[in-house]
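Here is a short briefing to read alongside your structure. Have the sequence and the 3D view open as you go.

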Amino acid sequence: MTVETDTPKVATAVTTVLVRQGEEGAFAGWLAELNKIVATFPGYISAVVIPPSPPAQSDWVMVQRFQTLEQLGAWLDSDKRRSLLDKSASLLVDEGTTNVFEGSSTERSPQDMVTEIITVSVKPGMEEAYRDWVDRIRQVEARFPGYQGLELQPPIPGLQDDWVSLLRFDTAEHLNAWLESDARRTALKEVEQFTDTRERQVATAFSGWFTFADAPGQVPPSWKQSMIVLLTLYPIVMLEQMFLNPLLHSLDMAEAIFIGNLLSVAATGFVLIPLALRAFEWWLLPKSNDSPGVEIAGNALIIGLYALSVAVFAWLT
């Protein structure tokens with residue numbers, strides 16, 4: 001006999017804020033304090049920070065996950081969080097927005113792809129009409145290239161009054177093709193009669209790094225981006241383990257990890273990724289007339305460099 005069990009759900013808060021120009025350093029320090037405090041609350045699972053990725057995304061995005069809605073609500077309504085928000089007020093253009101979702105623990109976070117966060121205030125009595133409209137627009141969106149799904153979160157009493165949707169596409173180009181389409185404009189005219197809509201776009205975690213002057217608007221596939229990030233990030237992390245971590249042993253673990261991550265991201269995004277782009281552009285963005293051997297050669301070279309990196313650091317340590 002097969003026993004069916006409910007898939008465990010997690011509660012997720014997605015907060016977007018626009019940081020004042022010149023205050024990025026102070027905001028990074030504030031984030032370190034925020035992540036240290038939120039980790040002490042019951043039910044905490046993880047916290048992820050997605051930096052801006054212009055031009056698609058100008059906001060900083062904070063994704064916080066808890067085991068239950070009640071535990072997430074306790075954090076969102078806590079005096080400690082309110083005190084932290086008060087401290088950040090001078091660093092931000094406005095107070096930002098926080099949207100709450102409840103879903104399967106296996107669902108991917110907004111940073112895993114390009115996501116449009118859509119906040120809707122539905123007029124009283126029009127809730128079923130709005131659900132029907134969402135079902136219809138899902139079918140239209142599914143016909144567009146790169147569509148990954150639309151997740152709808154109804155209002156949550158005590159936490160969130162609005163309806164919130166996560167619209168996911170695999171690339172910014174595919175998402176924008178839908179956002180600028182005649183089909184979407186027609187759909188929005190239909191829904192205007194019973195909603196007020198606000199939208200924010202969250203780019204992929206790495207897409208802002210992978211831009212080419214001679215190929216504007218073209219971004220490599222996500223799996224190639226991830227392979228390059230691993231290739232460039234691994235040696236940075238190993239060097240930190242060997243030389244930086246001993247210098248940070250007197251700090252709190254949360255502070256030490258944040259400093260390490262900050263240096264890793266800076267070194268990767270501003271030094272190693274640009275070098276890798278020049279070295280591997282032939283593989284990241286192959287020409288239409290290139291043979292399949294280009295793809296195979298690139299994959300083999302990256303994997304070979306993985307093995308070489310591991311061997312070198314195994315010998316050093």
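This is a predicted model: local features need pLDDT of at least 70, side-chain atom pairs count only at pLDDT 80 or more; totals for chains, interfaces and linings use all residues.

Residues are numbered from 1 along each chain as its sequence is written, and side-chain values use heavy atoms, with hydrogens and water left out.

- Among the buried residues of α1 are Phe27, Trp30, Leu31 and Leu34 (buried means under 20% relative accessible area, exposed over 50%, partly exposed in between, with a 1.4 Å probe and protein chains only).
- The largest nonpolar core has 23 residues, and those with the most contacts inside it include Phe27, Trp30, Leu72 and Trp75 (a set of buried Ala, Val, Leu, Ile, Met, Phe, Trp, Tyr and Cys residues joined through side-chain atoms within 4.5 Å).
- With six residues, α1 gives the most to this core.

**Strand β5**
- Eight of the nine residues of β5 (residues 114–122) are buried, so the strand is largely enclosed by the rest of the structure (strands are DSSP runs of E, at least two residues; helices are runs of H or I, at least four; both are numbered from the N terminus).
- β5 pairs with β7 (residues 163–169) in the antiparallel sense over seven bridges (pairing needs at least two DSSP bridges).
- Thr115 has Arg168 in β7 as its bridge partner.

**Residue Val312**
- Val312 sits in helix α9 (residues 292–316).
- Val312 counts as partly exposed because its relative accessibility is 36%.
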